[in-house]
Amino acid sequence: MSFWRDPINFIIEWAKGLLAGIGWGPGWATTVGFVIGAFVLAAGAMFFVVFLIWYERKLIGRLQDRFGPNRLGPWGLFQPIADMLKIFTKELITPSGVDWIAYNLAPVLSVAAVLMMWAVTPFSKTFFGVNISVGILFLIAVGGLGEVGIILAGWGSNNKYALVGALRAVAQLCSYEVPFVISALVPVMLTGSMSLVDIVEAQNPWYILVAPAAALIFFIASVAETGRAPFDLAEAESEIVAGYNVEYSGLKFGMFFVGEFLHAFTASFIFVTVFLGGWRGPGADQIPVLGLVYFMIKTFIVYFALILFRGTNPRFRIDQMMDLNWKVLTPLSLVVIMVIALVDRLFASSADWLRTVILLAANLVILVVAERLIRRGVKTTGLEVGSRERPVASPDNLFIQPGSGAKG
Amino acid sequence: MSGLQIVFLIVAVVTLFSGVMVVASRKMMHSALWLILTLLGVAILFATLQAGFFAIVQVLVYIGAISILIIFTLMLTRRAMDDEHPQVIKGWWLPAVMAVILFGLIAGFLATWKDFQVMLNELPADAENLAAFGSALVNPAGYVIPFEVASVLLLAALVGAIYIAAERKEKVG
Amino acid sequence: MIPLSWYLIAAAALFCIGLFGVLSRKNAVSILMSVELMLNAVNINLLAFWHYHTQLQGAGQITPQVFVAMVFIVAAAEVAVGLALIISAYRRRETPVVDEMTLLKG
């Protein structure tokens, strides 16, 4: 095994040889390897968040005609590090009347629940934590632990805004789990396995081309699961100050913050794994490290879409959010899964490309019909606000520091 | 004593302790949080039995859904959360004695069984055959009738729960 | 390599804890939680015997798995209906304590 083809496994094998050299049995070496691997993965995820925060702030800035962070380092790249240092040195305030265990356990749980999702995702052909046979189920179950963390935060911090925020968050997460699970069943059904490794291996072509309707529902539901705009009712600043994390300060608040960013990123790579072919791409079978590159590129494209979704949509009201779930997404996902099961079974004996085309056509028909039905139910009277032409910061100065000669 | 046995003992002690705290703690909310710990312990016990699927379903159904529902109900029934009154009945020692006696009876009865001390060895990796389990659930020669009855039960529970708990617009007695 | 007896004893203990809870707690939600403990004890037993029989006969046994799945389904349905009943009763009688729900008429 050459180093450049598969560096991660190369290092793992080398470390195993080292441990065997000092007389450790293979059982102990594997255990220690898992512990070290988990530590490295978790620490890597945490450091990754620093970059994600910069990426998101920069993009949101561009979407809102601002520059975003641009003072510290090239393109403001070191701004999150400064923020991190600030949050480390802040005082940890524990309000009176809190439930000590619940209050302190909640931030840990909300980050741990997200990090556990990293354990089962295949990042490349040879690089994954574990390949359990019920991977997708594991992802959903772990999401439930995140709900427990939120409810602990809301109840433990002895504040009515926190409690209202937690109730909203949990109502939202519980409801959106329904279309999430049902649309996640579509790839499971097409693959015949719940293991994420198998699902990635079976994607030929990508499932977004086979079942775009399921992919759309999955995407919307996973945005709702992350609790970001437009689904950020749980932390709506203008309604319930900051939701379930209002009583937290310093590093404990930072944990929630990191948990939210990491959840958004995790949601996008789960979408990539389930619908966009994971690490698959030209040459990724032979050179596993190339798979990791493809995986990251796809993940950042989906993450970009997620930020675009966040930056361009206003927040839902709570009844609109529930309506969207129970009156649109859930029935639609039920229809999609039934139609796909039926079509897949009817054309089981025909050629693969034919079945794919028919599945795609069926999905598109479902989407068009659903769109027509929804349009009929919603009265849209256009109301034009503002003028059409407005001054926009020209995109050619995206990476130019202000004051260095750029036209604002 | 092997590593797995130590893991079992720790998990079992934590599970039983938090089980006791579920029935003994005064604050209802604490009792619900201990319940979550108990359910997690039971999930780990399932995993030590090499029933990984059911361990994950346990986390999904019990922790992700049932305990959340219970916490919601605790918040909606406000008086449940006050802890001024004792949470157990006056003669609580009688059920305690009964439970201990029942435990002694069960343990003593089980101890007479010849396979009581048999060791559970590690199963082959495909012992938990989910494909066979799944097809047995929809096989007419297998368990399709219990499966269908269960789905009707779930539907009835769904409709019934909404009907019972929904606030009526007309006058209620 | 854990003896079967450990699982059975743990399950019996959990069942008895649940039984004590059902008999002694005042709050209806508490009683439901204790019932959940008892159901979990049953599931531990079922899966322990699933492991035991799979080991004895060399092939995976389906029946215990089906039983465990049924217990899960029934527990979910029971909690949903039970909590709905408690909320409904609380709305009318302003109490979740079962001792105070003394009238047959709503």
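Modeller: Two residues are in contact if their C-beta atoms, placed from the backbone, lie within 7 Å. In chain B, 51% of the contacts with a separation of 6 or more join residues 24 or more positions apart. The model is predicted: local features need pLDDT of at least 70, side-chain atom pairs count only at pLDDT 80 or more, and totals for chains, interfaces and linings use all residues. Residues are numbered from 1 along each chain as its sequence is written, while chains are lettered from A and ligands numbered from 1 in the order in which they are written.

Biologist: Which elements make up the secondary structure of chain B?

Modeller: Helices (H or I, at least four residues) and strands (E, at least two) are DSSP runs, numbered from the N terminus. Chain B has six helices and one strand, in the order α-α-α-α-β-α-α from the N terminus. Its radius of gyration, taken over C-alpha atoms, is 21 Å, well over the 16 Å that the globule rule (2.2 Å times the number of residues to the power 0.38) gives for 173 residues, so chain B is more spread out than a compact globule.

Biologist: How many residues of chain B are in contact with chain C?

Modeller: There are 77, and they meet 63 residues of chain C. Among the elements of chain B that each supply at least two residues of this side are α1 (3-24) and α6 (144-165).

Biologist: How do β1(B) and β1 of chain C pair?

Modeller: Strands pair if DSSP finds at least two bridges between them. These two run antiparallel over two bridges, and M119(B) stands opposite P3(C).
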